[in-house]
Each structure stands twice: as structure tokens, then as C-alpha cells.
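We will go stop by stop.

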Amino acid sequence: MQPVDFTTLTATCSELRAHWLPSRLEQVYQRDRYTIAMALRTLNQRGWLQISWHPQAAHICIGDPPPRAPDTFTFSQQLVHQLGGLALVAIEAIAPWERVINLQFARRPGDEVLYHIYAEIMGKYSNAILTDANNLIITAAHQVSQQQSSVRPILTGQPYETPPKLTGTIPSLQESQARWQERVSLVPGAIKRQLLKSYSGLSAVLVESMLLVSEIPPETSTDTLTAEDWQRLFARWQEWLKALDNGNYLPAWMTHGYTVMGWGAIAPAKDIQTLINEYYTAQLNQQLFAQLRHQLTQKLSNILGKLRNKAQTFSDRLQQSDRADEYRQKADLLMAHLQNWEPGMTEIILSDFETGEPVAIALQPDKNAVLNAQNLYKQHQKLKRARAAVEPLLQEVQAEIDYLEQVEAAIAQIDKYQTAEDLQALEEIRDELIGQKYLEELEYRSRNNNETASTNFHNYRTLNGFQVLIGRNNRQNDQLTFRVAGDYDLWFHAQEIPGSHVLLRLDPGAVPDAADLQYVADLAAYYSRGRQSDQVPVVYTEPKYVYKPKGAKPGIAIYKQERILWGKPQSVEEAGGGGDVVRLRSPTGG
């Protein structure tokens with residue numbers, strides 16, 4: 001992940017000062033353990049200033065509005081208590097070339113500053129600290145005890161101390177090319193490494209993009225650079241310093257990451273705030289997605305492993321109970337041939353009633369034939385009772401396995417992060433599993449614990465322009481099938497295979513042709529566990545013939561009056577969510 005360097009932070013604050021000062025602080029919301037959002041209102045606009053002290057993604061920018069979920073963090077509550085109704089009157093760096101921003105608050109512009117928020121954008125040492133006018137710390141996002149750092153503890157009630165000053169050489173517009181070149185090439189080495197070692201305020205990404213537009217490979221040794229190379233590179237160096245001086249930036253996307261200098265750009269950005277917000281939102285979402293997907297996959301694998309072991313135990317006990325009739329038949333044989341028994345026998349061989357085949361019956365020598373037969377009848381009754389007790393338990397465990405396997409299939413469909421909807425679909429699966437008591441809520445804390453499913457279904461169009469909606473998870477499947485579906489639509493699902501509910505939207509009187517139906521069948525096959533197959537049987541019917549059994553888990557449905565098509569999943573190129581359906585036979589066997 002690309003860290004916010006001094007250049008990016010300077011550019012961001014320059015834009016904030018131009019458009020958001022002065023502004024009234026109306027609200028503070030803490031999104032997560034690393035991010036606060038402060039609602040600012042100017043005469044012309046309202047927006048959310050976001051400050052993040054995330055160790056890999058610390059940044060400051062105008063961001064998206066926060067969710068409507070309750071804010072349970074104490075840090076944001078303390079900020080509201082102290083800053084509510086005040087005006088943000090200044091955004092300044094605490095010192096030249098430092099990545100610490102001082103946000104100053106007063107009753108109105110021109111009044112005495114009452115509070116400061118120091119946003120320290122310094123990688124793993126990032127922090128957000130609130131102080132009073134005398135720079136005494138009121139609260140901090142991350143408090144640092146004396147034991148954690150004897151150099152710079154950060155504790156409530158203590159004076160705020162600035163981070164240790166930079167020790168390296170500071171870049172300057174007044175420095176000549178000869179002096180600059182001499183400093184960088186004093187010790188021969190790769191030009192990228194020498195630039196980073198020679199000056200403060202640089203980042204690897206900035207130097208790489210500077211070298212890229214100067215047409216110099218980063219690993220080129222300083223003693224092999226030509227005079228023309230040095231001249232081109234120094235021109236870019238001066239361009240960078242002038243941009244910092246006059247505030248002229250060119251925010252843009254690069255192949256990997258972003259730039260505020262326009263170097264190596266592949267697409268322009270609307271402004272610096274949008275660039276920073278979109279980049280770090282996507283990066284953090286991707287990180288959360290990978291972490292949550294791994295957690296859910298591991299948890300499901302563990303739960304399913306235990307359930308399958310339990311099911312196997314029940315199956316083994318049922319197999320043993322299959323011998324119940326065998327014990328009864330032997331008892332009947334023994335009672336029918338009491339005359340063949342002799343005292344002290346440990347085994348008797350008798351002919352089967354139907355086949356005439358010899359049947360060996362083990363006997364207890366200290367009991368007579370009648371007592372041995374009674375013992376066999378008791379074994380028969382015991383095994384019959386075991387079957388009656390175990391069968392419902394096995395059915396219950398198998399139902400759990402079926403449900404969790406279709407949740408597992410839904411997670412498998414959401415295999416990589418592409419948009420925020422992918423993370424949202426995964427969070428809905430997590431919330432569903434919490435609701436079904438398979439996960440502990442505290443262990444998988446929801447950012448937006450909402451019982452209502454989102455409606456960001458996969459959305460396609462058939463060749464004739466009919467809309468196709470596909471659920472990404474069980475909650476969306478239920479939403480799609482039982483709330484969105486209309487009387488004229490058609491409902492599709494892979495037959496007897498976990499997969500998504502698929503809806504073909506039709507207006508009154510509209511009739512899809514064979515190509516439309518085949519296209520939707522292909523999608524239903526793709527968004528199922530049969531994705532890797534050449535062909536998958538897909539059922540479709542009218543939504544009025546799809547039902548949810550009473551008390552069924554999310555995503556479960558039964559259907560009738562279905563017709564079958566063969567879907568070809570390999571013809572579809574994108575991925576999606578999951579569900580599970582059981583076939584219901586109509587009275588006519590349809």
C-alpha cells in the first residue's frame with residue numbers, strides 16, 4: 001500500500017485550506033479504531049473531513065459520509081464534547097517538511113484558538129491528538145505509555161511534544177545543480193537509493209515516478225549517469241520543489257498507486273481529496289475483504305469438519321442398527337427349533353426360513369434356548385430404539401451441513417475484491433452467520449450491523465435487453481426472491497446445487513426468446529457450485545411457485561412447476577454470490 005508522503009500531505013492540505021477554511025464543525029463520527037470523520041460546513045458546502053491513523057494507510061482528506069450505525073468509540077465522543085459548534089480556522093504543518101498537521105479550532109475566524117488536533121501522518125507511528133490552547137493533551141487516538149516509549153510518551157494531561165526533528169538534509173530550490181549532484185553522487189550507488197539517503201522529505205514512490213519521467217531506471221548507478229541524465233533529473237527535482245512552493249499539483253492515477261505530480265499518470269483525478277479518499281478506501285476495503293474472507297472460510301471449515309464427524313458417527317450407529325432385523329430373524333429361528341438346542345452349546349447352525357441357507361447363531365452356554373432367544377429379541381428392540389433416536393439427529397446435522405455448504409459456496413463465489421459491493425456482500429454473510437449463532441458478534445464486529453439485506457445484486461442484460469438480477473449471498477437471495485420478484489418475472493436456480501437465486505425481470509406481456517432463457521440459465525449455472533462443469537441443469541419457474549419453508553434458514557427455498565435448461569457456466573466471465581434450493585414435487589410429479 002502506498003503511504004502518504006510529505007508531498008501528498010502538503011498537496012492535500014493546500015487543497016483543504018483553499019476550499020474548507022473557515023468551516024463549522026457540526027458532527028464527529030468514528031468509523032473504526034483508526035478513523036474519525038468530522039462534518040464541516042462552509043458557506044458553500046458540507047463535507048466530511050476524514051483523519052486516519054491506520055499504520056499502513058494514515059491519511060487526511062475529504063471522504064465519504066459515514067454509515068448510520070451507532071458510534072460506540074470514546075475518542076469521537078470526547079472530540080464532540082470539546083469541539084462541538086467551533087470553527088476550523090487553520091490547517092498548518094507544525095514545521096517545514098514535517099508530516100504533522102495542526103488543525104486549529106476557535107469560536108469564529110479571528111478569535112483565539114481554543115483547541116488543536118494534531119494529525120500525525122507518520123506510518124506505524126501515526127496518531128491523532130487533541131490538546132487545549134496551552135497544548136496540554138486532552139485525549140489521543142492512541143495513548144503511548146512511558147513503558148512503550150521513553151522518548152515520546154503521549155498521555156492525557158501531559159504537554160504535547162512534537163516528534164523528533166528531521167536529521168537529514170532538507171531539499172531547497174536555492175541549491176545549485178552542481179551542489180545537488182555532488183551530494184547525491186558522493187558515494188556511488190543506485191540513483192534511487194542515493195536520493196532517498198541524501199535528502200529528507202522524499203518517498204520511494206515519489207523518487208520512482210521522478211526517475212520514470214526522467215527516463216532513468218531506479219537501479220542505475222550514479223557513476224554511470226550522463227550529464228544529460230543529471231540535467232533531466234534535476235529539472236524534475238526543481239519541478240517538484242516549485243510545486244511544493246506554489247501549490248500547483250496534478251493529481252492522477254498511476255499503474256500502481258497515485259501521484260499528485262502528474263508523473264507516470266494513466267488517468268487524471270477530479271481532485272486530490274477524491275484521489276486520496278478513493279485510493280485508501282479501496283486499499284483498506286481490500287485488506288478487510290481478504291482478512292474477513294480468510295476468517296469466514298477458516299471458521300466454516302472448522303464447523304463443517306465437526307458436523308461431518310458428528311454425521312459420520314450417527315451414520316455408523318445407523319449401520320449398526322441395520323442389524324436389528326438380523327437379531328429378530330435369529331431369535332425366530334431359535335424359537336422355531338428349540339428341540340435342536342443342547343446344554344452347553346456356544347453356537348447353533350439352523351436353516352433360514354426362506355432360502356434354506358445355514359445360519360450360525362452364537363449362544364451363551366449358561367442359558368437355555370429360550371433365554372438366548374429372548375436376549376436376541378432384546379438386542380433387536382435396542383437397535384430399533386437407537387434408529388428411532390439417531391435418524392432425526394442425523395437429519396438435523398445434515399440440514400446444518402447443507403446450509404453451511406451453501407454459505408461456503410457463496411463465499412467461494414466472492415473470490416476477489418473488485419468493488420465496495422464485494423466487501424458488503426461478504427459482511428452480510430458474516431452478519432447472517434452471527435444471526436444464526438455460528439459466529440460470536442464480538443469476534444467479528446460489524447461495521448454496519450444491519451439486518452436488512454442490501455440490493456446491490458449482480459446486474460446483467462440479455463440480448464433483448466431484459467434485466468437479470470443475481471443475489472450475492474443468502475440475504476440477497478431471500479430479498480430477490482420474496483420481495484423484489486414480480487408476477488411476470490421468471491426465477492432461475494441451478495438444480496439440486498448450492499448457488500444464487502437469479503431473476504429475469506419481465507414487463508407485462510413481454511416474452512423472452514430461447515436465447516434470453518439460455519443466457520440466464522448460463523448465469524445461474526455460473527453463479528453456483530457447478531461453475532467448473534461444462535453443463536449444469538438449471539430450473540426455472542414463476543416466482544409464485546417458489547416458497548420458503550416455515551423456520552427455514554436464509555437462502556433456503558422450495559419450488560414446483562419448474563422447467564429445465566442446461567446452463568453453460570464457461571460462457572460467463574464474472575463471479576458472484578450464493579444460496580441453496582430444494583426441489584418440491586407437485587402432486588402431479590412436475
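The tour takes in confidence, then a sheet with its helices, then a helix pair.

**Before you start**

This is a predicted model, in which local features need pLDDT of at least 70 and side-chain atom pairs count only at pLDDT 80 or more, while totals for chains, interfaces and linings use all residues. Residues are numbered from 1 along each chain as its sequence is written, and side-chain values use heavy atoms, with hydrogens and water left out.

**Stop 1: confidence**

Colour by pLDDT, the predictor's confidence in each residue, from 0 to 100. The chain average is 89, and 95% of the residues score at least 70. Now select 574–579. Here the pLDDT is below 50, and the stretch has 41 contacts (heavy atoms within 4.5 Å) beyond near neighbours in sequence. Go on to residues 582–590. Their pLDDT also stays under 50, with 18 contacts beyond four places in sequence. Where pLDDT is low, the predicted coordinates should not be read in detail.

**Stop 2: the sheet**

Show strands (E, at least two residues) and helices (H or I, at least four), which are DSSP runs numbered from the N terminus. Nine strands form an open antiparallel sheet, ordered 4-3-2-1-5-6-7-8-9. Strands count as paired if DSSP finds at least two bridges between them. Strand 4 (59–63) and strand 9 (137–140) are the edges; each has a single partner strand, so one side of each lacks a neighbour in the sheet.

Select strand 1 (23–32) and strand 2 (35–41). Seven bridges pair them in the antiparallel sense. A hairpin of two residues joins strand 1 to strand 2. Find Gln27: its bridge partner in strand 2 is Ala39. On to strand 5, joined to strand 1 by two bridges. There, Ala87 is the bridge partner of Arg24.

Next, pick strand 8 (residues 127–132), which pairs with strand 9 over three bridges. Ile129 stands opposite Ala140 in strand 9.

**Stop 3: helices on the sheet**

Select helix 1 (residues 6–20). It lies across strands including strand 1, strand 2 and strand 4, running at about 35° to strand 4. Angles run from 0 to 180 degrees between N-to-C directions, with axes fitted to C-alpha atoms, for helices over the stretch in contact. Helix 2 (residues 74–83) also packs on the sheet, its direction making about 170° with that of strand 1.

**Stop 4: a helix pair**

Select helix 5 (residues 204–213) and helix 6 (residues 227–246). They pack at about 130°, with axes 9 Å apart. Show side chains: Leu206, Met210, Leu211 and Val213 in helix 5 meet Leu233, Arg236, Trp237 and Trp240 in helix 6.
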